[in-house]
There are 2 protein chains.
Amino acid sequence: MSVDGPSNRPVHGPEHPQSVGYTRAEKIVLFDPDSPLKLEAGGLLAPVEIEYESYGQLSAAKDNAIVVCHALTGDAHLAGWDSDPSGPLRDYRKNKPGWWDELVGPGKPIDTRRFFVVCANVIGSCYGSTGPMSLNPVTGRPYGLTFPVVTVGDWARLQLMLLDRLGIASLYAVVGGSVGGQQALEIALSRPEMVRRLIILSAAYRITAQGLGFNSVARHSIINDPNFNGGDYYDGSPPLMGLAAARMLAHITYLSEESMGHKFGRRLQDKSAPDFTPTGVEFEVESYLRHQGESFVRRYDANSYLYITRSMDYYDASAWGDGDLVRAAALIKARSLVVSFSSDWLFPPELCREFVQAMCRAGRSVTYVDIPSHYGHDAFLVETETVSRLIDSFLRH
Amino acid sequence: MSVDGPSNRPVHGPEHPQSVGYTRAEKIVLFDPDSPLKLEAGGLLAPVEIEYESYGQLSAAKDNAIVVCHALTGDAHLAGWDSDPSGPLRDYRKNKPGWWDELVGPGKPIDTRRFFVVCANVIGSCYGSTGPMSLNPVTGRPYGLTFPVVTVGDWARLQLMLLDRLGIASLYAVVGGSVGGQQALEIALSRPEMVRRLIILSAAYRITAQGLGFNSVARHSIINDPNFNGGDYYDGSPPLMGLAAARMLAHITYLSEESMGHKFGRRLQDKSAPDFTPTGVEFEVESYLRHQGESFVRRYDANSYLYITRSMDYYDASAWGDGDLVRAAALIKARSLVVSFSSDWLFPPELCREFVQAMCRAGRSVTYVDIPSHYGHDAFLVETETVSRLIDSFLRH
């Protein structure tokens, strides 16, 4: 395995037999203005459009569905090649497979010959489901900050409504990484009898005070960008610099000190001696972070970043047990697999283990694996071979 | 010891026998425009004004001087009570003792009855020594970004020049924490025969790629503040929001995940249920970080923050051995004490140990202590009792 990532990640073209091929997102509309969705935080929302993709065939018994929940800035395009990556902010999908193509496809661990796989974009996002960029039907203008606060609980509830529309009453498994793992957990908690297997990667039942702190600084950067304009920037210039700063910061938390050391160390960027500039780029790691910031702002909406990080802040699965995690865990009926990564400091293994221990104390079925890795939080998307083996094995048995 | 910090930190009023009492900063001017200081990075600077404080009496043998080097945003006001805290950005000194008053004073570990103690403000700072806020004699306006890049090496050189002016040719000890520890190390490397004891707290011979990354994001926030105006903001509104974001971020790196958990956890700020706001304050930790940002911008200059973090970026003591740390360490003649703190993740113990190991391999005298603490990088300023005992003992023998 190279320090830049495993060398043998299977990236399959759309014609490859292990690819789901070209995909097209579907949309459903839930709720109408006469009877809007009442959100967990108290707000109302209608219409609620959900963008999702699905692959494979639902069995006659309707017992082979797997839901995959995306991470913070992810989307419904889980696998294969987007047949129309031309929507707003979607340029990044061109010539790139879905975000978990390595795991999902014919003959892959989440095997689309065997399973009917569904991935839905969360509300609050900017990738097709209703969010702050969507038009507010009352004003005819984008919601911006008039968009109501949404929670992981809302995401789970809408996911379940979508499944209901698709005629699915039982899930073979629900799978997610990072805040997607929190959504998976929430689904297993809110409809225990429906979920037979739960797979949580790089996620815990809540984020730490440090995580709250990082999210808070990220939002501070966005809100104080001169172009933010109270979130009403869709007619003008978006707060790109603030959003870039937020992403640069977040990106540091997705890596580990060790992986940054391996990848960049203190090497200078394309030079043998520093230029001695207080404001320019000297080190490779600076150049890399700037690049991460710049490419992110082309594909993500700043208001969505505010809302989605807030959803993450609020989430605390122990609320299902009125603050008692063991009581919460006792609700779960799914066989569970929890995977942490040794160098993940956003969802550190010790925190992941708190949930695992609660499951054990509650007498629930849980398998826990801590994978030694220096890739930090990103490891769940990078350590593909190990994750593939674990998921393949867990889904088979 | 309480989670808010040790309960028994001695904070002595100016009349207390263990206080150095009221202090007044001195200034010396080095270099004139005809023969300016040639900086390590190549720039020229004149005049170079150095603000410093000193306490105690230099012995007849001139062998009892101790230099203390301040940290990133510190100043020359090491101990006692500022008799005139009215300079620009100096309001924070009112009714507060110097930044290391617990350690420095009559009968304290750095005992001013015994030692002549000197603390100088570094150039690039905004606390009295020449920096970006100073007037450029050529233009009659503040330097801003026309200020030359300064390095830890420059700080050490100027410190030595100051000592020369004070008639001091030999140091009983040089002491510093964080980037102040790097300056102390640099002094011991650049004039080995002059330094008899070296004490480095919470510092390593260079920062990590992750540290470079955090500094880079902090500067990004400042530079992209709408008020930054290329660093030329002294006539108008300074880039306070960007500077606040930089400080909030840095502040997270000064604490530890554990201490943030102890101190704030996920508690809400003065309420029992969240307001569900994407932009407001919900959690105590958010309120705390905002407060840190807001109070910092009243006392620090954004340009200085750019320059001082850059100095930290560039520093790598292994340069003294052309990249070989053991060869660099071999230059040191001082008996050395290196102190790290278990939860410091800005200068993690493993990194501090690299220097200690190099000292051992080079056959140099080094004592190393890793103090178990959950206070993170800030521990060197918080774990006063332990640090006092170590310094007291090291200075006695």
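Start with one helix pair in chain A: A:Leu212, A:Asn215, A:Ala218, A:Arg219 and A:Ile222 of α3(A) meet A:Ala302, A:Tyr305, A:Leu306, A:Thr309, A:Met312 and A:Asp313 of α7(A). In contact means that C-beta atoms, placed from the backbone, lie within 7 Å. By class, this contact has seven nonpolar, two polar and two charged residues. Nonpolar covers Ala, Val, Leu, Ile, Met, Phe, Trp, Tyr, Cys and Pro; charged covers Asp, Glu, Lys and Arg; the others, Gly among them, are polar.

This is a predicted model, where local features need pLDDT of at least 70, side-chain atom pairs count only at pLDDT 80 or more, and totals for chains, interfaces and linings use all residues. Residues are numbered from 1 along each chain as its sequence is written, and chains are lettered from A and ligands numbered from 1 in the order in which they are written.

Next, the geometry. The axes of α3 (residues 209-223) and α7 (residues 302-314) of chain A come within 10 Å and cross at roughly 160 degrees. Therefore α3(A) is roughly antiparallel to α7(A), the term for angles over 145 degrees. Axes here are lines fitted to C-alpha atoms over the stretch in contact, with angles from 0 to 180 degrees between N-to-C directions. Helices are DSSP runs of H or I, at least four residues.

Now the two chains. 46 residues of chain B are in contact with 46 residues of chain A. α3(B) gives the largest share of the chain B side, 11 residues. That side divides into 25 nonpolar, 12 polar and nine charged residues. 100% of the interface residues of chain B are also interface residues in chain A, so the copies meet through the same surface.

Notes. Helices (H or I, at least four residues) and strands (E, at least two) are DSSP runs, numbered from the N terminus. Angles under 35 degrees count as roughly parallel, over 145 as roughly antiparallel, 65 to 115 as roughly perpendicular and the rest as oblique. Two residues are in contact if their C-beta atoms, placed from the backbone, lie within 7 Å.
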